[in-house]
Amino acid sequence: MQLSFKKRSVKPGFRTLADLSENEEGLVERIDLPVDFAHRLMELGFLPGHPVAAARSAPSGDPRVFRVDGTEIALRRETARHILLRRH
Amino acid sequence: MSDCHGCGSGPQTATRPARATVHRVVAIVGPPNSGKSTLFNRLTGLRQKTANFPGVTVEHHVGKAHLPSHHDIDIVDLPGIYSLNPRSEDEQVSHDALHGKMPGLRRPDGVILVLDATNLSRHLTLAANILSLRLPTLVVLNMADDLHKRGGTVDAEALANELGAPVVLVSALTGEGVNAVGRFLTGGIAVPRPVELPVLQDVPACRQWARQVSREAGYTHPTPPLWTRRLDSVFLHPFWGPVVFVLVVGTVFQTVFTGARPLMEGVEALVGWVGGGLRLMLPDNWLRSLLVDGVWSGVGAVIVFLPQILMLFLFIALLEDSGYLARAAVIADKTMARVGLQGKSFIPLLSAYACAVPAIMATRTIESKRDRIATILIAPFMTCSARLPVYTLIIAAFIPEKPFIGPLLGTRAAAMLSLYVLGFIAAVATAKVLKSSVLKSEKTPFVLEMPPYRMPTLQSVGLRLMDRAAAFLKRAGTVILGVSVVLWILASIPLVNGAAPPIEHSLAGTLGRAIEPVIKPLGFNWKIGIGLITSLAAREVIVGTLGTIYGMEPDKDAVGLQKALQNDLTLGGAVALLVFFAFAMQCMSTLAVVRRETGGWKWPVLQFTYMGVLAYICAFVAFRLLS
């Protein structure tokens, strides 16, 4: 398990939080965002190896609410796109 | 760390008088929305604002603990934090207070760490940070009733042994278990053997530690809040979500406008009766004129609006306490993003419907400095409750009541609603301009924790309404009373043959007529002009001022304020006045808080000028179009 905060293009082949459909669950692999913000997301429960499930979104489809560790947290798609999921 | 007096090295214990009461400071810390302020209110008997969304408390509050013994203990309520690495102004407050860097506040001698028991494994992450401060700490697992109701369990004693700090299960809302917190404050609680906490470098390590500790403490998660999911499937539904939103807003306006009528008429009758009584009781001299025509007409004209304002606050309290506000922020995020702001700006903007002052304080939760300034600058455009009396008075005088959209919305409520929308559009357009020019910045991420829905309690809502009523009456008794007295004096001099002059020849009338040329293009005469001058102090003062002015005109004494206005304004002028009040920055308290929060005069001066110019131009256009 590797944590990377480098800003680079998202690797093709990785699914991200933004690809989850409603009620689908995935395991976080890593967060591709500046350290400062990645830390806040980790404090909220978006940690490598942890399960995250997609819940309802705003009527327009963005932002979406995610279920993590028993709480619900709303994120924009542009943020969710940088949280990579573990391959099954 | 179990020793309450050993929080410092050096000889100070030797110099301390042996039997003097020890003054102590205990800070309440914890993650956002864990119930810190509710506990603070329980412990101190104070009434800090509480609501069901993260980030309600944005500054520190100090209160004396209510304890039967003589202990002199200050309790400090702090904004919520996720860790000791602050990212926004409100988190900085907590960080500074805990490290003794807050001016005027001593470093705390102890800590009450409030964690949400229904969310323990996540909230324990903060415990590692707080316990490493090495202050005597009590861990409060709040919302214990909720945990048990939803089938979760935790062994407080086992957790205490794992953390090396006492742990108590509490429901701050019902008061259950709060006695134990009092015992901690007076040193009457058993403290477990201190443990060596691991040195935790990063968030994943903290989290792993928290997970292990909660496992050792036999923590089982409660079942997910089913009602929250059910309600969200309606409130965030692609079709029903917006429909419900529109229905809620429509109902609020209709109720605030028409539902409050009977109560307002009751208060109006009472005000009139008291005024008449005063007139009969007092001898006919200058004092009677001051009390009846000056003070009572001014203050009474404003007090009439108390039922309406309370009804508005009732709705705001229900929205805040139920948890719907956070959903509204999610729904609004897309729109906010389009103007360059984010959903988090939406919560301060919504609370600006009550009053811009707390709204501007609430912007402290916004991480990006530029977004925060932009939100501060647009907040006063939102229709605050001080505009409500002005709008109601003018709408009731000039717009006949007819059904507009069936029985749901009448014409008057619709007019009121459109003024609220007008303010919102001005806010959003201004944000767009600011964010694409002087306050341009990179897009900031939006992260918002969704609180579970809760049933608003009668106590919480009731107390809030009582506080609002007290604040409103206090303003009526100070600002409005003061302005009314000054105005009465200005309207009574210079004396002509030992008697008060006709109002247009008085000093107030002269002042009003001096500015008449400036406001004539907007359709206002000199009487409205006097109201515009006095309303610079606060918007609702104009209602009191008009009450005083018309109260002093003998021929119009019997006619109500509405009738008097119909004589003095055309429909175009009335609409222009509404538009002027929608845009102009007539509030000293707001300017003062903007200066404090932005740290200088630059932004408040800019804001005042911009809003004033915009108000003048738009009122002019409205008057031209309608006449």
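**Exercise 1. Fold of chain B**

What percentage of the contacts in chain B with a separation of 6 or more is accounted for by residues 24 or more positions apart? Determine this share, then describe the overall dimensions of the chain.

*Solution.* The model is predicted.
Step 1. Of the contacts in chain B with a separation of 6 or more, 72% join residues 24 or more positions apart.
Step 2. The secondary structure of chain B consists of 27 helices and nine strands.
Step 3. A compact globule of 627 residues would have a radius of gyration near 25 Å; the value for chain B is 28 Å, which agrees. Along the principal axes, the C-alpha atoms of chain B fill a box of roughly 85 × 65 × 45 Å.
Step 4. Of the 627 residues in chain B, 56% count as buried.

**Exercise 2. Confidence in chain B**

Identify where in chain B pLDDT stays under 50, and state how the chain scores as a whole.

*Solution.* 
Step 1. Chain B has a mean pLDDT of 85, with 95% of its residues at 70 or more.
Step 2. Over residues 1–21 of chain B, pLDDT stays under 50, and the model has 14 contacts beyond four places in sequence for this stretch.

**Exercise 3. Nonpolar cores**

Which residues have the most contacts inside the largest nonpolar core?

*Solution.* 
Step 1. The largest nonpolar core comprises 130 residues, and B:F524 and B:V543 have the most contacts inside it.
Step 2. Beyond four places in sequence, B:F524 touches B:E516, B:I519, B:L532, B:L569, B:G573, B:A576 and B:L577.
Step 3. As a general background, nonpolar side chains tend to be buried together in soluble globular proteins.

**Exercise 4. The surroundings of B:D371**

Is B:D371 buried or exposed? List the residues that it touches.

*Solution.* 
Step 1. B:D371 is found in helix α17 of chain B, residues 369–378.
Step 2. B:D371 counts as buried because its relative accessibility is 1%, whereas the cut-off is under 20%.
Step 3. Not counting residues up to four places away in sequence, B:D371 touches B:G340, B:L341, B:Q342, B:I366, B:K435, B:S441 and B:T444. The C-alpha atoms of B:D371 and B:Q342 are separated by 8.1 Å, the two residues being 29 apart along the chain.

**Exercise 5. Strand β2 of chain A**

With which strands does β2(A) pair, and in what sense?

*Solution.* 
Step 1. β2(A), residues 51–57, pairs with β1(A), residues 25–31, in the antiparallel sense over three bridges. Here A:G26 stands opposite A:V52.
Step 2. β2(A) also pairs with β3(A), residues 64–68, in the antiparallel sense over three bridges. A:A53 has A:R67 as its bridge partner in β3(A).
Step 3. Six residues lie between the strands in the hairpin of β2(A) and β3(A), where A:G61 takes a positive phi near 95°.
Step 4. β2(A) is mostly covered, with five of its seven residues buried.

Technical notes. Residues are numbered from 1 along each chain as its sequence is written. Chains are lettered from A and ligands numbered from 1 in the order in which they are written. This is a predicted model: local features need pLDDT of at least 70, side-chain atom pairs count only at pLDDT 80 or more; totals for chains, interfaces and linings use all residues. Side-chain values use heavy atoms; hydrogens and water are left out. pLDDT is the predictor's confidence in each residue, from 0 to 100. Contact means heavy atoms within 4.5 Å. A nonpolar core is a set of buried Ala, Val, Leu, Ile, Met, Phe, Trp, Tyr and Cys residues joined through side-chain atoms within 4.5 Å. Buried means under 20% relative accessible area, exposed over 50%, partly exposed in between (1.4 Å probe, protein chains only). Helices (H or I, at least four residues) and strands (E, at least two) are DSSP runs, numbered from the N terminus. Two strands pair if DSSP finds at least two bridges between them. The radius of gyration is taken over C-alpha atoms; the globule rule is 2.2 Å times the number of residues to the power 0.38.
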